[in-house]
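Time to look a few things up and jot down what turns up.

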Amino acid sequence: MKKFLFISLSCLHYSFTNAQAYIYHPMPESNAVWRVDWGTLTFCADIYSKYQYTISGDTAIGINTYKKIYKSGMENMCGTVGNYFYNYAGGMRQDTINKKVYFICPSNLTDTLLYDFSLNVGDTIHSIFSVFGCPQSYSPNPIISTIDSVLVGNNFHKRFNTYSGFSFIEGIGNITGFLEPIDLWENESWQLVCFNHNTDIYPSNSNSCSLVTGSFNEQKEKNTYQIQIYPNPIEDISILEFNANINKTMKVFIYNALGNLVKTISNVRSNKLNLCKKDFNTGLYFIRLTDESKSSVAIKFIVN
C-alpha cells in the first residue's frame with residue numbers, strides 16, 4: 001500500500017511540473033533583455049551586429065498604451081567597428097486574454113500583430129519580418145507542425161514548431177530574435193543568443209545573458225567616418241550627411257540587400273548629399289563612404 005501511494009505521488013508531481021506549459025506566460029513588460037546576433041555574407045565576409053532589445057517606460061498612441069522597446073548594440077561592417085547605438089525601436093502591447101502581442105514602430109504608427117500564442121497544430125503563422133524595427137507581413141506563412149515546451153527559469157513555456165524548423169516560444173518570441181524574421185534568409189542569419197527576464201534565463205544552460213554595452217566604443221577605429229541619413233525611410237529627397245574632410249578624394253558606394261553595387265558617387269565635395277527616391281527600387285540598401293585612408297561603417301536605409 002505504501003508503494004502504491006509513493007508511485008501515485010510521483011506521477012502527480014510529474015504531471016504538475018509539465019502542466020506548467022499550459023499556463024499562459026505573457027511577454028515581459030519590464031526587466032527583460034533579448035540578446036541577438038546578426039550576420040550576412042554579402043559584399044564582404046565580415047559583416048555582423050551584436051545587439052539587444054530592452055524595455056523602458058510606457059507611451060500612449062491613440063487609445064492604446066505601449067511598452068517602449070529600445071534596440072542597442074554594435075555593428076561591424078567589413079572589419080570596421082562602429083559606434084555604440086541606442087535607438088527607440090517602437091512600442092509593444094498585449095492582449096493577454098487572446099494571447100496576442102502587437103507592435104507599433106515610430107515611422108508608420110501601424111499596429112501590427114507580432115505574435116499569436118493561441119495557435120494550434122495545423123494553424124498558419126502570421127509571418128513578420130522587421131525593417132528598422134517596423135514589422136511587416138511577408139510570405140510564405142509557415143504551418144505549425146508540433147507544440148511542446150521548454151524550461152525558462154522554473155516554468156515551462158509553450159514552444160511552437162514549424163515544418164521548416166523554425167520555432168517561437170510563448171513569452172519570449174522568435175528563436176531568431178524579438179523583431180527578427182521567423183526563418184533564415186539567403187546569405188543572412190539571426191540568432192537569439194539569450195533571453196533574460198529578472199532571474200530567468202533562456203536557454204536554461206546559459207550562465208548569464210551579458211549585454212553589449214557602450215564599453216565597446218573602445219574598439220571603435222579612430223579612422224572611421226560617421227554618417228547618417230534623414231529622413232529614413234527616404235522620401236522624395238533625403239539627406240546623406242557625414243563628418244568627412246572634403247579636401248580628400250571621397251567616394252560613396254551604395255549596395256542593395258544582396259550586396260550588389262547599385263550606385264557610386266565619386267569626387268564628393270560636400271558633407272551633405274541628396275538621395276532621390278526615384279533613383280532606387282523599393283528595398284533595403286547599405287551606404288559606405290571612403291577616401292584613400294578611411295572607410296565608414298555602412299549605414300542602412302530603406303525605400304518604400
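My entries on rings, charges and one histidine follow.

**Ground rules.** I'm working with a predicted model, where local features need pLDDT of at least 70, side-chain atom pairs count only at pLDDT 80 or more, and totals for chains, interfaces and linings use all residues. Residues are numbered from 1 along each chain as its sequence is written, and side-chain values use heavy atoms, with hydrogens and water left out.

**Aromatic pairs.** I counted 14 aromatic pairs (rings of Phe, Tyr and Trp, its six-membered ring, with centres within 6.5 Å; planes under 30 degrees apart are stacked, over 60 edge-to-face, the rest tilted). Trp-34 and Phe-178 have ring centres 4.6 Å apart and planes at 45°, so I noted this pair as tilted. The two residues are 144 residues apart in the chain. Trp-34 is buried at 0% relative accessibility (buried means under 20% relative accessible area, exposed over 50%, partly exposed in between, with a 1.4 Å probe and protein chains only). Phe-178 is also buried, at 0%.

**A cluster.** Tyr-24, Tyr-115, Phe-117, Phe-160, Phe-166 and Phe-168 form one aromatic cluster. I found Phe-117 buried at 1% and Phe-168 buried at 3%.

**Charges over rings.** Which ring does Lys-71 sit over? Its charged end is over Tyr-51, 4.3 Å from the ring centre (the rule: NZ of Lys or CZ of Arg within 6 Å of the ring centre and within 35 degrees of the ring normal). Arg-93 lies over the face of Tyr-102, at 4.2 Å from the ring centre.

**His-157.** Buried or exposed? I got 8% relative accessibility, so His-157 is buried.

Conventions: Helix = DSSP H or I, 4+ residues; strand = E, 2+ residues; numbered from the N terminus.
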